[in-house]
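Please consult the sequence and the structure shown here while reading.

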Amino acid sequence: MLRLQRQVTKIHQATGNNLTQVILNHEPKGRPFQYNQLFRTYKSQTSQELTNAPIKKLLVANRGEIAIRVFRACTEMNIKTVAIYSEQDMMHMHRQKADESYLIGKGLPPVAAYLNIPEIIHIAKENGVDAVHPGYGFLSERSDFAQACVDAGINFIGPSPEVVRKMGDKVEARQAAIEAGVPVVPGTDGPVKSAEEAIQFCKDHGLPVIFKAAFGGGGRGMRVVRELDEIEENFNRATSEALTAFGNGSLFLEKFIERPRHIEVQILGDSHGNVIHLYERDCSVQRRHQKVVEIAPAPHLDPAIRDRMTADAVKLCRHVGYENAGTVEFLLDNTGNFFFIEVNARLQVEHTVTEEVTGVDLVQSQIRIAEGHKLEALKLAQDNIKLNGCAIQCRMTTEDPAKQFQPDTGRIEVFRSGEGMGIRLDSASAFAGAIVSPYYDSLLVKIIAKARDHESAGAKMLRALREFRIRGVKTNIPFLLNVLENETFMSGAVDTYFIDENPQLFQFQQSQNRAQKLLHYMGQVMVNGPSTPLATNLEPSAILPTVPEVPVAKKPPSGWRDILIKEGPEGFAKKVRQHNGLLLMDTTYRDAHQSLLATRVRSYDLNRISPYTAHNFNNLFSLENWGGATFDVALRFLHECPWERLDTLRKLIPNIPFQMLLRGANAVGYTNYPDNVVYKFCDLAVKHGMDIFRIFDSLNYLPNIKVGMEAVGNAGGVIEAAISYTGDVSDPTKTKYNLKYYEDLAGELVKAGTHILSIKDMAGLLKPKAAHLLVSSLRDKFPDIPIHVHTHDTAGAGVAAMLAAAEAGADVVDVAVDSMSGMTSQPSMGAVVAALERTDLDTGINLDNVSAYSAYWEQTRNLYAPFECCVTMKSGNSDIYINEIPGGQYTNLQFQAFSLGLADQFEEVKKMYSIANKLLGDIPKVTPSSKVVGDMAQFMVQNKLTAEMVEERAEELSFPSSVVEYFQGLLGLPPGGFPEPLRSKILRGAKTFDERPGASLPPLDFDALKSSLEEKHGKKISEVNLMSAALYPSVTDNYLDFIDKYGPVNTLDTRMFLAGPNVAQETEVEIERGKTLSIKTLAVGDLNKNGAREVFFELNGQLRSVLIKDEEAMKEMHFHPKAIKGVLGSVGAPMPGEIIDIKVKVGDTVKKGQPIVVLSAMKMEMVVNAPMAGTIKGMTITKGMKLEGDDHMLDIE
């Protein structure tokens, strides 16, 4: 009947006043008038008039990829095209693809612009449009829009207004199906008017049920409810979503079919009563009732079921007089029964897969049908429709699957697509520079793979997805990859529970995105300056240091590590003791640059020289390359993982033992840790390649040293327990740290099981005479224990002291390569090697090799000019024997004095250092005790305090925290105890520790820490990063955030890392073996309205750009505050969007999980729940406010 009504309308249009005459001429005598007979007779006489005029100009009342899809079809048909666009779509691609484009909905909200029927009709009429294609979504299922087109004399590409109305109303469509004899799911007869009515339906028919929008699809306004108490909230949310998406919030309710397959049949009908099907699509892979992956034809569908289903779809469409393209959707249960659910009276998003397997262009068919052509004339008879192969469509969206598919917005910085045989891409905004707004659907690209069977199509799709590179916004590619790699999916045996029942689909491998992150880093340094604070005004040199030649593909010669591996720690120590000649430890890789260059030397430069070191210094006792300050500095300032440094160096230098500095119970930190942290650290260090542990305590506090010794012994490392040397054993007037003190301390260390005995002269106080005296005394007492001596050359007597120690019986002494030696570093390697050549103590090291090694480090040192100690320290200083400042601290203290405005008072600081030391009880000065003395000295200079003033005013002064903690006993007990009454005055009753501080600490729960870190950072935390976090929680957090944002900055050369690139500079970055980035810096743009500058690069020959916030400029601009990362009560927007409801106010008490805010973005609503219980203390949002992701909303206390 509906079809007949439409044909009568056409007859009226075609005949005008002649209709009456036609009826009179054909009215049978004595029988009721037969309209069908009339139509057939008139049609045969006036067939030409019944065919609509050819379409010459077509407007698409839509946006995005579907608009472009229609434009392409029209271009092939020589039809002119017209686009409409909202203010927010001014730069959108679809308006550029049309022959003409017109702004619509000025001043209206983004979605409302495309729902403005009068303006669309006005634009169409004003610009000579004779047809309108509605696309999908927006007005595509609005009968009033179809009617407005007809009333305006514009051809509507779709069913008649009446059919659109009837099929768009899910309730009427259901009734039509019943009338046509098509099986339906039990449900309401009409729209549900209230939550109470829905509750009653559930009581009558049982749960679960599903709410559906009566006037739209695509998962909007669709909610499954399994509990009665969830009805009201879901009814309200679904109503609101439907109203936003379709302009009508009506819902109907159906019984929810468990475990169905979602099968839909593609239909084409013409205006002559002909209806055909183009087979089916399987749309069972859904998330939030929205299709993610579609397949044609449905895999493993029983042919008998296919025949019945397609026949029912055709029968229903004939019953309602359907013409043009449409889709009849069914749920198929596991018993073979299927149920009608709805008709989509429009083109579907997934129409592409049907086109691929049938060869039929559905959009062109729509247009030809709208012109009045018969299906038969278009060669679309049912017998002509054949299936050919299989097609799969994936909807790539700008959603983050790791965050419950929250929509992401922003600028696409990089877009590289997957292409090739069998791949089709339908897109609109998929290009570098495109802005993804929060106002519209998150669909970015439709990827269609076509092959001869399902498995082959899946393989093509998987390959194409892996080829995609999209940067700047998150996408669901990781999720799609997991789907395509899933065996169940590839078998074709999926239902609508597939995603819910496969949680592994949400276990994602993080996209590395290394190139773009590095460009962000380089741009950041160009716009905002170095990420690592530079200590001086000197620039890093522009040269890349020359590495001496090494043999190609030749294994390094065996060394002392081979002996260690073969003999074990005890056997290794015996071999060292039996060795003729002096052994050397090279500190160039650690203590030398800690002393001279503020510990800033990067792995990049260490790695480059390491093959040469392995091939030419295999007879070194060890290479000190880890531990101490290098651990936290790597994380804190160099933004690289110290564990990765250790791993890489171990691979490059397999033959030389590695040595590190372990601060006893403090590990590589500056505080006390639970014992299990120290034990786990040592165990991991050995597993990653560490061999020898120099274990010390800054106060020579035995209980702290023994913890480290036990941890190293349990891990299988070499124990080198150290005496921290201070004072002067050659001066009989200095009685506190005399020979007996060191002999007794050494005796305790030997008794505790040390493999090697170390003298650690941190301040360079060991004069040649003292060295000979101390070493010879220890050698006499412990003839079987190797002795290893460490000093600093601050006074210039280091070489003499080490030669004296060697003469007295030391087995090993510490040196640094010539260009990294002297002053606060270690004595010169070349000097010691040359001095002992052709003697009984000959080191066996080639002086030419030392020179080549030194030349590399001389050039490398210039790269670190901003941290060069020689800026302030021009020579050695013999006053070290007076002030006793450790070499590693000397330069740091200088830089600190400069930063505190005490540069002109540094001499005073040095003198005060000695005074502060006496006030503190004359203690050994090694990190962290040296920091206590340094802090006290600078505190006294800043506040113009004398020792007497400190003692008198101790109860009223606010001392540095390090000083207070020292007096509390948190570093342990100093030799001779704490000075009184100063200790009591400073502490003022604060808690004290008279035993080992770490002994009272409960074991660290590593599992809990790991869970916390993974929740905070949203990714798996490795064992080494977990260990770093146990030692340096906030530093590791910052490091992980930095690397997540800027990528592997350790692959940049040092000048690039420190200073950034210059415009027109070209550089190569090897991000991994065989993968090198070629980068050219092009330009830095002007400041934009958002406080950012665009920085342009050429990456591997392709233009790339990044937007960098200008931090200085932004100080003058106002932006919405961000939620504080890591603070649970600081609640931020989980996605960009608009605040549509605020359910709490300041002062309200909330429970954890209670809804507090409703946010809308991309036509999807999200309820934000309270992350914790508490009270609303502050709010920075109002209803209707538009937010970016992570913008602050409210605080819960």
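## Helix 26

The model is predicted. The buried residues of helix 26 fall within an arc of 165° when seen down the axis, so they line one face of the helix. These buried residues are Val677, Val678, Phe681, Cys682, Leu684 and Ala685.

After helix 26 comes glycine 689, which has a positive phi, near 115°.

## The annotated binding site

An unreviewed UniProt entry carries the annotation "binding site" for Arg663 and Thr927. The two residues are spread over 265 residues of sequence, yet they cluster in space, with a largest C-alpha distance of 8.2 Å.

## Surroundings of the two residues

Arginine 663 is found in the loop between strand 25 (658–662) and helix 26. Its relative accessibility is 3%, so arginine 663 counts as buried. Leaving aside residues up to four places away in sequence, arginine 663 touches several residues, including Gly628, Ala629, Val668 and Tyr1032.

Threonine 927 belongs to the loop between helix 35 (906–919) and helix 36 (929–942). With a relative accessible area of 16%, threonine 927 is buried because this value is under 20%. Under the sequence exclusion of up to four places, threonine 927 touches Arg663, Tyr670, Phe696, Ser698 and Met762. Tyr670 and Phe696 are touched by arginine 663 and by threonine 927.

Terms used
Residues are numbered from 1 along each chain as its sequence is written. This is a predicted model: local features need pLDDT of at least 70, side-chain atom pairs count only at pLDDT 80 or more; totals for chains, interfaces and linings use all residues. Side-chain values use heavy atoms; hydrogens and water are left out. Buried means under 20% relative accessible area, exposed over 50%, partly exposed in between (1.4 Å probe, protein chains only). Helices (H or I, at least four residues) and strands (E, at least two) are DSSP runs, numbered from the N terminus. The arc is that of the directions from the helix axis to the C-beta atoms. UniProt positions are given in the numbering used here, feature names are shortened, and annotations may be inferred rather than shown by experiment. Contact means heavy atoms within 4.5 Å.
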